[in-house]
Amino acid sequence: MKTIVRAFFRTLRTVLGPFMLLKERLTQPKGVVREPAAQTTVNLQCQNLALYQFSTCPFCIKVRQEMRRLSLPIEQRDAQHNATHRAELQQGSGATKVPCLKITDASGQSQWLVDSAAIIGYLRGRFAKA
């Protein structure tokens, strides 16, 4: 039974995935326009962030749309097809749940933020007024 359920959801992702990606592409929000100095500061701060995600995950799409809205060049790591990124996610956060934002501070310590609402709240709180 477990095999049948997995096959069903794999097939569903295969069929619906391209439509979800097309919708994401067609509904991309316009990014915030900042002064060049302010955008440079934001770009530097984003170097310490990495989003672990699956390309067709609806919650990951939601986070990517917010990243575009806030003009954030955060590195996106595919944890679905890249075994190295998946292992990093598993080791760092303790699960392979996506989306997951890895936040590295100046001392090299990492914090893993899971849940799309929490990630969006963090990004808005940190970058919306930058």
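Which side chain meets that of Glu66 in a salt bridge of 2.5 Å, N to O? The partner is Arg69, in a predicted model whose local features need pLDDT of at least 70, whose side-chain atom pairs count only at pLDDT 80 or more, and whose totals for chains, interfaces and linings use all residues. Residues are numbered from 1 along each chain as its sequence is written, and side-chain values use heavy atoms, with hydrogens and water left out.

**Salt bridges**

- The structure holds 6 salt bridges, each defined as a side-chain nitrogen of Lys or Arg within 4 Å of a carboxyl oxygen of Asp or Glu.
- Glu66 and Arg69 both belong to helix α3 (residues 58–69) and are separated by 3 residues, about one turn of the helix; helices (H or I, at least four residues) and strands (E, at least two) are DSSP runs, numbered from the N terminus.
- Glu66 is buried at 3% relative accessibility, whereas Arg69 is partly exposed at 36%; buried means under 20% relative accessible area, exposed over 50%, and partly exposed in between (1.4 Å probe, protein chains only).
- Glu66 also forms a salt bridge with Arg124, the closest N and O atoms being 3.0 Å apart.
- This pair links distant parts of the chain, with Arg124 in helix α5 (residues 116–127) and Glu66 in helix α3, 58 residues apart.
- Arg124 is partly exposed, with a relative accessible area of 46%.
- Arg77 and Glu88 meet through their side chains in a salt bridge (3.4 Å, N to O).
- That pair joins distant parts of the chain: Arg77 lies in strand β2 (residues 75–78) and Glu88 in helix α4 (residues 83–93), 11 residues apart.
- Arg77 is buried at 16% relative accessible area, while Glu88 is partly exposed at 29%.
- A network of salt bridges links Glu24, Arg64 and Arg68.

**Strand pairing**

- Strands β1 (residues 49–53) and β3 (residues 100–104) pair in the antiparallel sense over 4 bridges; two strands pair if DSSP finds at least two bridges between them.
- β3 is also joined to strand β4 (residues 110–114) by 5 bridges, and these strands run antiparallel.
- Cys100 in β3 stands opposite Tyr52, and Cys100 also stands opposite Val114 in β4.
- β3 and β4 form a hairpin with 5 residues between them, and Gly108 in the turn has a positive phi of about 95 degrees.

**Loop position**

- Thr27 lies in the loop between α1 and α2 (36–46) and is partly exposed at 41% relative accessibility.
- Thr27 and Leu51 are 24 residues apart in sequence and 20 Å apart in space, C-alpha to C-alpha.
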